[in-house]
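Please look through the sequence and the structure below before reading on, and keep both at hand while the text moves from one part of the chain to another.

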Amino acid sequence: LKMVKGRFAWLGRRSADKDADSTALSGDDPMEDGKAPFAGGRDNKLRAFFAKVAGLTSDSVFYSVWSSKGMGGRMQVSVWGPILEQSMLSRNRDRVCLGHYATSGFGAPSASDDKMFTLEVEDTHGSRLGGSLLMPRVLDKFFPCPVRYKQVWGFVGEDKREVYAWRAVPPSDEFVALGMLVTRSSDPPRVNAMRCIHKKWCMPSLNPPRQVWASSGLGGREGSFWAVGTMQLLHVCAGHQPPGADDICYDVMVDKWPLLDEPLPGEQAGTGKGGSKQYSSIPKARTSFFGSSRGVQQTKKAD
């Protein structure tokens, strides 16, 4: 009987925790300046969430989206999407798809010499085995899916094979899309196929786009594939010229940052409760954590 009562008491506490977590993202919008993000102890739960740039290593898994194999032309290219599965021992982390990747030739990105990256969100208070109850709501709020897509280029080969490139349309002007998607039909991708990112964490990329492929020799409507930004995400242009001034390629400002970095009353900016140091999402100087001009700034801790 004591065991049964204890079990019901545990279930009651668990249910209360879920109810509290389900409402933790309600209230004032934390993105609006001058407003308190959330009331009471809910701030502490959201302060546990960090985002960081994560490398896609040789162990990463990709699925094939499209390739120019058999189409002729002067250059070869293949487009890949990341399979962002959670490890059994890291269920408090989620990797976010920000777009597709393109490689010269037909090999997967894991076999390429070019480093590619994605975004990882971690709940530092979540359980590695049990996961994070707040993660889905946090992703939807800070990294929302696009509302729709706009076709930027399309091509139908002599063998009737099709390829189309799509730019994501963010839910508002406060968000941007870092990469693009490719499909093999004229139907747009699913809106949950990728996510956008808040503009306050981004800046126009300082790294020149790297051409991966151009449709030279294929005839028809000209197009070109480019790898842009720190993460080397796919960007598609109609024509063979790189993205112009009216086609801004955004990049993340730092390699790691807290999702909720506004100080609570009585705190100094850059510190958390108890004076613990936090990461600043406002860069002081642009220095690459790759050790060269290619990449993003290293995260700076408050002095």
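**A walk through the model**

Ser-68 has a relative accessible area of 3%, and because buried means under 20%, Ser-68 counts as buried. In this predicted model, Ser-68 is placed in the loop between strand 2, which covers 61-67, and strand 3. What does Ser-68 touch, not counting residues up to four places away in sequence? Its partners are Met-75, Gln-76 and Val-77, together with Phe-106, Arg-161 and Trp-213.

The mean pLDDT of the chain is 76, with 67% of its residues reaching 70 or more. Among the elements of the chain, the highest mean pLDDT, 98, belongs to strand 10 (residues 180-183), whereas the lowest, 48, belongs to helix 1 (residues 2-22). Over residues 26-41 the pLDDT is below 50, and in the model this stretch has 28 contacts beyond near neighbours in sequence. Residues 263-303 also have a pLDDT under 50, and for them the model has 88 contacts beyond four places in sequence. Where pLDDT is low, the predicted coordinates should not be read in detail.

Methods:
Residues numbered from 1 in each chain as written. Predicted model: local features only at pLDDT ≥ 70, side-chain atom pairs only at ≥ 80, totals over all residues. Heavy atoms only, no water. pLDDT = per-residue confidence, 0-100. Helix = DSSP H or I, 4+ residues; strand = E, 2+ residues; numbered from the N terminus. Contact = heavy atoms within 4.5 Å. Buried < 20%, exposed > 50% of the residue type's maximum accessible area, 1.4 Å probe, protein only.
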